[in-house]
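This report goes through a protein model from its overall make-up to selected side-chain contacts.

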Amino acid sequence: MQVVAAIKIVPDDQDIQVAADRSLDFSKARPVVSEYDLNALEAAVQLAAAKTKKNVLARGMEALYLTADDACADMDAYATAQVLAPMVEDLDGWDVVLVGDGSADLYAKQTGAQLAARLNVPYVAGAIALEEDGGSLKVRRKTEDEVEVLSVPLPAVVSVLPEAAAPRIPGMKDILAAGKKPMEAVALAEAPAAALEVVSCKAPVQAERAMEVYDATDDGAVEKFAAALKAAL
């Protein structure tokens, strides 16, 4: 089975600074693989391993194809899918593309659906378990109130939830081996037009904390705490 994992490089949210006007400063944020895409990477490796027994390649993938271009900055899900689709189509014999539930920066949860539409293949969201079943894929997907089991014909695109697979921590042997795996960078002269216009992006207003303190030795302290907690909810 040929499994493709689509990932996105985003600014590390721990390094993002908030200015006085609540605007976000990304200048000191180092680039990292989107946290949700690490789950997709691990799910892809496990799915391929069930059949076939320097950060991405060290996590078990066999090859890396990427677009690293300033033209990709600020692309929305619609434009991202337009860039990804031809890259996937150039891979002979692919069976399934796995994507994270959403990217750590925008979290639009639309790239998988947009990519499936571009590739004209089925799409399943919210997967928590994957298993190859002949020429199809058995998918357990989580909805708001239940878990469904679906049989999806291949090829297909599937987005996975974090519980689908816990990201592995690469060892030194994995990191050294990653340097010998093939990597191809695709230049992008001009990004496709976005379907959405971002008007502004600011951090939320910090809520004032009540700072109510209750002494457990006081009479009725527990009841007062429970009432305050209920009111806050």
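The text below covers the fold, the salt bridges, the aromatic pairs and a charged surface patch.

The model is predicted, so local features need pLDDT of at least 70 and side-chain atom pairs count only at pLDDT 80 or more, while totals for chains, interfaces and linings use all residues. Residues are numbered from 1 along each chain as its sequence is written, and side-chain values use heavy atoms, with hydrogens and water left out.

The protein has five helices and 12 strands; these are DSSP runs numbered from the N terminus, with helices (H or I) of at least four residues and strands (E) of at least two. Of the 233 residues, 32% are buried. Buried stands for under 20% relative accessible area, exposed for over 50%, and partly exposed for values in between (1.4 Å probe, protein chains only). Accessible areas come from the Shrake-Rupley method with a 1.4 Å probe; for residues, only the protein chains shown count as cover.

Five salt bridges are found in the whole structure, a salt bridge being a side-chain nitrogen of Lys or Arg within 4 Å of a carboxyl oxygen of Asp or Glu. The table lists three of them.

| Salt bridge | N to O distance |
|---|---|
| Arg30 and Asp12 | 3.3 Å |
| Arg141 and Glu148 | 2.9 Å |
| Lys142 and Glu163 | 3.3 Å |

Lys142 is in strand 9 (residues 136–142) and Glu163 in the loop between strand 11 (156–160) and helix 4 (172–178), so this bridge ties together parts 21 residues apart in sequence. Lys142 is partly exposed at 42% relative accessibility, and Glu163 is partly exposed at 45%. Asp12 is buried, with 11% relative accessibility.

There are two aromatic pairs. Rings of Phe, Tyr and Trp (its six-membered ring) pair if their centres lie within 6.5 Å; planes under 30 degrees apart count as stacked, over 60 as edge-to-face and the rest as tilted. Tyr36 and Tyr107 are tilted, because their ring centres are 5.0 Å apart and their planes are at 40°. Tyr214 and Phe225 are edge-to-face, with centres 6.2 Å apart and planes at 75°. Tyr214 lies in the loop between strand 12 (183–185) and helix 5 (221–232), and Phe225 in helix 5, 11 residues apart.

Glu89 belongs to helix 2 (residues 77–89) and is partly exposed at 48% relative accessibility. With Asp90, Asp92 and Glu184, Glu89 forms a surface patch of negative charge. Patch residues have over 30% relative accessible area and no salt bridge; like charges are joined within 9 Å, and nonpolar side chains (Val, Leu, Ile, Met, Phe, Trp, Tyr) within 5 Å.

Definitions and conventions
Lys and Arg count as positive and Asp and Glu as negative; His and the chain ends are not counted. The place of a charge is taken as NZ of Lys, CZ of Arg, CG of Asp or CD of Glu.
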